[in-house]
Amino acid sequence: MASFSEQFQAFKVKALAEAERKAKAVLLEVGDRLIDYSPIGKPETWKSAPPPGYEPGKFRGSWHHSMGSPSTSTEETIDITGLSSKAEFIEGIMAQPFGVHYFTNNVPYALMLELGNHSKQVGPEGVVGKVAAEFPEIARRVVPEGYGK
């Protein structure tokens with residue numbers, strides 16, 4: 001029979017692996033929703049005219065993931081599917097599931113979208129606001145036995 005110390009070590013390894021799996025699942029769901037809720041530019045739905053040279057898919061493709069501090073990247077990617085942003089999120093989350101994660105979008109009109117002043121496609125709560133409001137449901141689904149207790 002294994003010693004108490006060995007039993008506790010085995011429990012600790014299993015518990016940390018489960019916590020890591022759940023942290024990844026929650027973070028990936030948050031990231032997916034941020035991207036999926038991001039509008040794809042349809043100038044006909046906008047409250048104002050599009051800027052010169054605008055291309056649909058810039059906002060959705062310009063999400064960035066970082067650890068420790070928000071990304072200041074202004075790299076704008078045209079990606080209607082959002083797959084490039086999702087790939088960046090997956091890479092960062094899988095490499096480091098614990099810690100402070102930042103999901104940022106630094107296109108010049110991101111704040112206007114979030115405040116509902118730019119597109120009829122985004123509700124009054126904004127993209128980030130909507131995901132933040134849904135976070136308790138996401139966490140309860142992934143960690144049903146203990147979230148919020």
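F59 is buried, with a relative accessible area of 5%; buried means under 20% relative accessible area, exposed means over 50%, and partly exposed covers what lies in between (1.4 Å probe, protein chains only). Y109 is also buried, at 12%. The two residues form a tilted aromatic pair, 6.3 Å centre to centre with 40° between the planes. Rings of Phe, Tyr and Trp (its six-membered ring) pair if their centres lie within 6.5 Å; planes under 30 degrees apart count as stacked, over 60 as edge-to-face and the rest as tilted.

F59 sits in helix α2 (residues 58-61), while Y109 belongs to the loop between β2 (101-105) and α4, so the pair ties together parts that are 50 residues apart in sequence. Helices (H or I, at least four residues) and strands (E, at least two) are DSSP runs, numbered from the N terminus.

## Basis of the model

This is a predicted model, in which local features need pLDDT of at least 70 and side-chain atom pairs count only at pLDDT 80 or more, whereas totals for chains, interfaces and linings use all residues. Residues are numbered from 1 along each chain as its sequence is written, and side-chain values use heavy atoms, with hydrogens and water left out.

## The nonpolar core

The largest nonpolar core has 20 residues. Such a core is a set of buried Ala, Val, Leu, Ile, Met, Phe, Trp, Tyr and Cys residues joined through side-chain atoms within 4.5 Å. The residues with the most contacts inside this core are V30, L34, F59, W63, F89, F103 and Y109. Two or more core residues come from each of α1 (4-37), α3 (83-95), α4 (110-114) and α5 (127-142). Helix α1 gives the largest share, five residues.

Five aromatic pairs are found in a search of the whole structure. In the pair made by F8 and F11, the ring centres are 6.2 Å apart and the planes stand at 45°, so this pair is tilted. F8 and F11 are three residues apart in helix α1, and about one helical turn separates them. F8 is partly exposed, with a relative accessible area of 46%, and F11 is exposed, at 54%. F4, F8 and F11 form one aromatic cluster.

A charge also lies over a ring: K130 is placed over the face of Y37, at 4.1 Å from the ring centre. The criterion is that NZ of Lys or CZ of Arg is within 6 Å of the ring centre and within 35 degrees of the ring normal.

## Helix packing

Helices α1 and α3 pack at an angle of about 165°, with their axes 10 Å apart. Axes are lines fitted to C-alpha atoms, for helices over the stretch in contact, and angles run from 0 to 180 degrees between N-to-C directions. The two helices, α1 and α3, are therefore roughly antiparallel to each other. Angles under 35 degrees count as roughly parallel, over 145 as roughly antiparallel, 65 to 115 as roughly perpendicular and the rest as oblique.

The axes of α1 and α5 come within 10 Å and cross at roughly 150°, and α1 and α5 are therefore roughly antiparallel as well. Helix α1 passes α3 in a right-handed crossing, and it passes α5 in a right-handed crossing too. A crossing is right-handed if the near helix is turned clockwise from the far one by less than a right angle, and left-handed if anticlockwise.

V128 is located in helix α5 and is partly exposed, at 41% relative accessibility. Its C-alpha atom is separated by 9.1 Å from that of S38, 90 residues away along the chain. A19, in helix α1, is partly exposed at 33% relative accessibility. A19 and V143 are 124 residues apart in sequence, with 9.3 Å from C-alpha to C-alpha.

P56 lies in the loop between α1 and α2 and counts as partly exposed at 34% relative accessibility. P56 and I80 are 24 residues apart in sequence and 6.8 Å apart in space, C-alpha to C-alpha.
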